[in-house]
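Let's take a walk through this model together. Have the viewer open and follow along.

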Amino acid sequence: MSKVYTTAAEAVADIPSGASLAVGGFGLSGIPDELIAALAEGKGTDFEVFSNNCGVDGHGLGILLGDKRIRRVTASYVGENKEFARQYLSGELEVELTPQGTLAEKMRAGGAGIPAFFTPAGVGTPVSQGGLPWRYHADGSVALASPPKEIREFRGRRYVLEESITADFALVHALRGDTEGNLVFNKAAMNFNPLAAMAGKICIAQVEQLVEPGEIDPDQVHLPGIFVDRIVHTGMQDKQIEKRTVRAAKEARA
């Protein structure tokens, strides 16, 4: 069966309420915006999301978040999303903040069939000791906190056990892909997109350029098609800037 879908809406049509989603991108770089927008047009809700961050207000995952259709997020930072922070602090959203490198490895390990691994990151902190607020009560008190994790010593150094991540679906963005699902990512879009794709049981990729098999040099393939189940051609992405910082005109002339 062909992996190619005509529209983003068709590609995400069977994602049900309550599904877990591994979503690629870094800030607003390389996010699967068309797939997210198509998902937002549907009726699915109560999603659990694994992503480096949760978009910004009104863009990317921020659309689903603003509609209160995400129940839980595992991410490494809040970023510029004020609604993300508001929902978390008001007790409307469960959030597991995870060190960025650990989050990346949790996705990679999940895709590789590794159930857990040991890392030194977070040892001696609430990451390993437990107590990080996952959910607040409306009055600001902690409703649910992270549990302590197993610590073991290897060669005289302590490590914490982290469980890997697998998700029902993965949503990713690539610069180029062929109809067999082989993908090429552009610069910072390499961050989390290949890892999210590996972690998803069903991976859906939006690509700016769709070509026939053989048109991509095998040495240039970043993610082989074995990890990709569906692919949709969405055309050139409308690039967004998460936080624009410019100098004042007078300073620029100095």
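Start at the hairpin of β9 and β10: there are 2 residues between the strands, and R155 takes a positive phi near 50°. Before going on, a word on the source: this is a predicted model, where local features need pLDDT of at least 70, side-chain atom pairs count only at pLDDT 80 or more, and totals for chains, interfaces and linings use all residues. Residues are numbered from 1 along each chain as its sequence is written, and side-chain values use heavy atoms, with hydrogens and water left out.

Strand β9 (residues 151-154) pairs with β10 in the antiparallel sense, over 4 bridges. Strands here are DSSP runs of E with at least two residues, helices are runs of H or I with at least four, and both are numbered from the N terminus; two strands count as paired if DSSP finds at least two bridges between them. To find this pairing on screen, look for I151, whose bridge partner in β10 is V160. Strand β10 also pairs with strand β6 (residues 116-119), again antiparallel and over 4 bridges. There, F117 stands opposite E162 of β10.

Now hop over to a parallel pair. Strand β4 (residues 70-75) and strand β5 (residues 94-97) run parallel, paired over 4 bridges, and R72 has E94 in β5 as its bridge partner. With helix α4 (residues 82-89), β4 and β5 make a right-handed β-α-β unit; right-handed means that, with the strands pointing away from you, the path from the first strand over the helix to the second runs clockwise.

Next, the largest pocket, with a volume of about 320 Å³. A pocket is an open set of points on a 1 Å grid over the protein atoms alone where a 1.4 Å probe fits, with protein on both sides within 12 Å along at least five of seven lines; lining residues have an atom within 4 Å of a point. The volume is the space filled by probe spheres set on the points, which are joined across faces, edges and corners. Of the 17 lining residues, E96, K106, K149, E162 and E163 lie nearest the centre. Strand β10 gives the most to this lining, with 3 residues.

Finally, zoom out. The protein chain has 8 helices and 14 strands. Its radius of gyration (taken over C-alpha atoms) is 19 Å, close to the 18 Å from the globule rule (2.2 Å times the number of residues to the power 0.38) for 254 residues, so the chain is as compact as a globular protein of that length.
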